[in-house]
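Keep the structure open while you read.

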Amino acid sequence: MHDKNRSLMDLDKHALIHPYTNLVNHQRTGPLVIERGDGIHVIDENGKSYIEGLAGLWSTSLGFSEPELAAAAAKQFDRLPTYHSFNGMANRPMIELADRLKDMVPISDGRVFFANSGSEINDTVIKLIWYTNNILGRPEKKKIITRLRSYHGVTLATASMTGLEPCHNGFDLPLDRFLKCMCPDYYRGGLPGESEEQFSERCADDLRKLIDREGAGTIAAFYADPVIAGGGVVPPPAGYFDRVQKILKENQILFVADEVICGFGRTGRAFASDTYQLQPDVITVAKALSSAYLPISAAIVAPTIWELLISGSEKYGAFAHGFTYSGHPVAAAVALRTLEIYEERSIFQHVQSVAKHFAQRIDSFASHPLVGDVRRVGLLGGIEFSSDPATKAQFDKSRKVGPYCNQQCQSHGLIIRNIGDIIAFCPPLIITEPEIDEMFRRFEVALVETWEMVQANA
């Protein structure tokens, strides 16, 4: 029987399994219970306010109290609270959202498929790619290439694409058909005296050798998050995607741009594909599609793919893939209103404006004795710690420098994310210059305390 007198912390520890959480530590410390949000801030059950420096999970683009999105949900709840899209069924919001979305992306005359999360939509695209190659009579062309440290989801297939070992350890992953090429991290991977362009050429050569080794006839697609966020905020080095796209076209390999984090203004343009002049065959989106207010994701596929899906129905019958909530009318209504707000309030232009200040503030930490590298694009940034910035030496993981800084940030009212010893920043797109100053002021206090801890334990 539910005990109303038990604390939320106690109830949590006895009822929940938390994702991406050390479950042993959680049983000791319990949760941070967030009760409400206001703009770029969230407030816990004790009334303490935090700047949400990661926009939740790289996702809450319009902040935590946008009344227009709540109103859009309420209106749709009253009109049609739920319905499916199987067997040709549809609802007004999903149709209007698809029409608007297909016109935003740098894919001409695409078609849109809806799901509920980034993992689900990336998993869907894998199935579409395998399906279309079967239609084309290419049963061997099924392998998917991704990059080390990339993040594409946690289903069996998308976790296999993800290039992070914790997503594999103990799960019997990765599955076969999933290949990895080198991470284009110039700071960590560049050789002494090697320019960014030279490093990009070496990355491209690594991809070329992988394709030659496996055989282009066995490789279906190359999947890339334009900025590798979950692997440590790694923007592409100069000339990287120009070289990669050339190789893909030469070998008839599809290019999928995973814009789940980078999409909808994060890099200063509507999509990172615009920022880096990419020409993908498929774009996947989620998170900021609805400012994360309701779960929804989408894939926009080029005509060369969706036309084959029509051929598939002639060969196999019904397109037997989808989810109960694909194109859910309330989620679609909220997403549609989100896209309208981006345009009405010139949110992407706002990002371009404040990103200059964001860059100045985050770059100011580059000379700190604890900092090895600072990297950023738009309102996405990373600060990487080093035990010796001159040699790029890394701290032993047992010292937990990044986790300590994360903890100190939280104690000073700032929620960020440490990816090992890399501190990631991804604030809501509505953040102002004074709020950027306050975010980095709080970080600086935590950084001083982290440096003191490192020196005390040297």
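## Terms and model

Contact means heavy atoms within 4.5 Å. Helices (H or I, at least four residues) and strands (E, at least two) are DSSP runs, numbered from the N terminus.

This is a predicted model, in which local features need pLDDT of at least 70, side-chain atom pairs count only at pLDDT 80 or more, and totals for chains, interfaces and linings use all residues. Residues are numbered from 1 along each chain as its sequence is written, and side-chain values use heavy atoms, with hydrogens and water left out.

## Helix 5 against helix 13

Two packed helices are described by the angle between their axes and the distance between the axes. Helix 5 (residues 92–104) packs on helix 13 (residues 329–344) at about 40°, and their axes lie 8 Å apart. Helix 5 is therefore oblique to helix 13. Axes are lines fitted to C-alpha atoms, for helices over the stretch in contact, and angles run from 0 to 180 degrees between N-to-C directions. Angles under 35 degrees count as roughly parallel, over 145 as roughly antiparallel, 65 to 115 as roughly perpendicular and the rest as oblique.

The crossing of helix 5 and helix 13 is left-handed (the near helix is turned anticlockwise from the far one by less than a right angle; clockwise is right-handed). Helix 5 brings Pro93, Met94, Glu96, Leu97, Arg100, Leu101 and Met104 to the contact. Helix 13 meets them with Pro329, Ala332, Ala333, Ala335, Leu336, Leu339, Glu340 and Glu343. Eleven of the contact residues are nonpolar, none polar and four charged. Here Ala, Val, Leu, Ile, Met, Phe, Trp, Tyr, Cys and Pro count as nonpolar, Asp, Glu, Lys and Arg as charged, and the others, Gly among them, as polar.

## Helix 14 against helix 16

The axes of helix 14 (residues 347–363) and helix 16 (residues 433–456) come within 10 Å and cross at roughly 20°. The two helices are therefore roughly parallel to each other. Their crossing is right-handed.

From helix 14, the contact takes in Ser353, Val354, His357, Phe358, Arg361 and Ile362. Their counterparts in helix 16 are Glu433, Ile436, Asp437, Met439, Phe440 and Arg441. The contact holds six nonpolar, two polar and four charged residues.

## Salt bridges

How many salt bridges does the structure hold? There are 24, each a side-chain nitrogen of Lys or Arg within 4 Å of a carboxyl oxygen of Asp or Glu. One of them joins Asp185 and Arg149 at 2.7 Å, N to O. This pair links distant parts of the chain, 36 residues apart. Asp185 is buried at 3% relative accessibility, while Arg149 is partly exposed at 22%. Buried means under 20% relative accessible area, exposed over 50%, partly exposed in between (1.4 Å probe, protein chains only).

Arg208 pairs with Asp205 at 3.3 Å between the closest N and O atoms. Both lie in helix 9 (residues 196–214), three residues apart, about one turn of the helix. Arg208 is partly exposed at 30%, as is Asp205 at 27%. Glu384 bridges to Arg375 at 2.8 Å. Glu384 is buried at 4%, and Arg375 is buried at 7%. Shared partners also join Glu68, Arg337, Glu340 and Glu344 into one salt-bridge network.

## Gln245

Gln245 sits in helix 10 (residues 240–250). With a relative accessible area of 9%, Gln245 is buried. Leaving aside neighbours within four places in sequence, Gln245 is in contact with Phe255, Gln277, Leu278 and Gln279.
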